[in-house]
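Let's take a friendly look at the salt bridges in this protein model. Here it is.

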Amino acid sequence: MNKNRKISVIGMGYVGLPVAVAFGRLGEVIGFDIDERRIAELKEGSDNTAEVSADELSAASIAFTTDSKQLEKADFHIVAVPTPINDAKNPDMEPLIAASGLLGRAIKAGDIVVYESTVYPGATEEICAPILERESGLVCGRDFHLGYSPERINPGDKEHTFTSIVKIVSAQDRATLDVIRYVYESVVTAGIYAASSIRVAEATKVVENIQRDVNIALMNQLALIFDKLEIDTNDVLDAAATKWNFLRFSPGLVGGHCIGIDPYYLAYRAARSGYIPDLILTARSINDGLGNYIAAQVVKAMLQAGCSPENSLVTVLGLTFKENVGDTRNTRVIDIISELKQFNAPVQVNDVHADADKVRDEYQLELVDLQSLQPARAVILAVPHAVYLDNNWDWIVTLLEDQRGIVYDVKGRLDRDDAPAGVRVMRL
């Protein structure tokens with residue numbers, strides 16, 4: 001199979017765009033997405049995810065399009081669409097199914113399709129391949145060939161990028177694997193690792209995030225215990241970290257489109273095989289419940305201070321799933337806000353990176369500008385964006401009524417020893 005390939009990337013989000021930009025430095029790439037607003041924005045040279053700079057976009061040769069017919073011009077297709085969960089916390093494969101359908105109508109004999117979307121082991125061959133066959137009239141493994149290469153994009157991380165992270169590749173046969181390896185080697189400088197099968201590569205992706213989820217869940221459970229014992233969790237972790245083999249994880253909210261979702265994919269597949277993964281599901285339960293716990297702690301502190309929650313304004317700083325990014329998908333800060341509202345506490349929310357329109361559409365929530373924030377009885381530093389930390393306590397305290405009240409520092413980024421008098425500092 002010829003290794004000189006014309007590349008298309010389906011999905012111009014956090015994963016697909018950096019992939020397209022990397023290959024676009026070598027030759028023209030077809031960048032496809034069904035979101036007309038997203039494609040229009042990229043054509044104008046702007047990326048609202050902030051993963052790719054304007055200079056990087058302009059340096060890459062990418063034909064951005066919403067016309068799936070353009071995919072027929074390529075013969076090496078990379079699928080990088082979202083794979084969320086539904087309300088029942090089961091895999092929502094609809095974006096992947098839809099992408100496979102439109103791609104199936106565009107592929108031809110000799111094409112290679114590589115999926116980067118996170119799935120459970122077996123999904124690429126059991127779900128995607130039959131759709132490609134049905135829509136194309138071709139036979140997988142004979143007329144076109146299949147591969148899987150798990151994405152490892154870390155939003156907001158400018159050090160560990162698509163080209164500087166070891167790339168795992170896999171394929172249904174050796175000849176296809178050689179081509180896929182060759183193609184990715186042309187842009188990935190960190191090296192290529194060939195997995196023994198597509199199912200192994202699929203499993204690798206979910207395991208990477210499950211490991212972090214379980215470890216963070218342990219820290220969160222310890223935080224709940226230490227709260228009962230009136231011990232500061234970070235003090236304990238600082239002391240424990242002096243042991244050479246102690247693995248340092250920190251308690252906190254676990255959201256986003258990877259760690260907070262991927263475990264459900266493997267849990268779903270495990271249950272289908274007759275095995276209930278108790279540890280994985282327990283970790284998910286602990287992490288998913290943390291937002292409610294934080295809100296309840298703030299309300300408890302207000303009551304202890306003689307304040308009625310109904311008459312005590314709470315400011316929540318940060319809504320995105322992690323600091324210094326604009327991605328609000330599966331953010332667990334929303335759990336804090338929802339629980340505070342259950343106590344009838346008035347809440348105002350600011351996020352300097354989030355898209356206000358997207359927040360309104362997804363969460364029916366209005367963001368408040370920094371300059372418009374009213375003095376509050378409590379401030380929850382939910383996401384420690386750099387702009388919130390730049391002036392430390394000098395700025396934080398101005399958000400409180402009479403510069404007194406409660407500050408819940410979820411990730412422990414503020415120096416509690418420098419807290420002004422009259423401020424009760426709380427953290428996990």
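## Salt bridges in the model

The structure holds 29 salt bridges, each being a side-chain nitrogen of Lys or Arg within 4 Å of a carboxyl oxygen of Asp or Glu. This is a predicted model, in which local features need pLDDT of at least 70, side-chain atom pairs count only at pLDDT 80 or more, and totals for chains, interfaces and linings use all residues. Residues are numbered from 1 along each chain as its sequence is written, and side-chain values use heavy atoms, leaving out hydrogens and water.

## A partly exposed pair

E28 forms a salt bridge with K6, with 3.0 Å between the closest N and O atoms. Because E28 lies in the loop between α1 (16–24) and β2 (29–32) while K6 sits in the segment before β1 (7–10), the pair ties together parts that are 22 residues apart in sequence. Here helices (H or I, at least four residues) and strands (E, at least two) are DSSP runs, numbered from the N terminus.

E28 is partly exposed, with a relative accessible area of 44%, and K6 is partly exposed at 24%. Buried means under 20% relative accessible area, exposed over 50%, and partly exposed in between (1.4 Å probe, protein chains only).

## Two buried pairs

E116 forms a salt bridge with K167, the closest N and O atoms being 3.1 Å apart. E116 is buried, with a relative accessible area of 1%, and K167 is buried at 4%.

D232 and R427 also meet in a salt bridge (2.9 Å, N to O). D232 lies in the loop between α7 (198–229) and α8 (233–240) and R427 in the segment after β13 (423–426), so this pair ties together parts that are 195 residues apart in sequence. Both D232 and R427 are buried.
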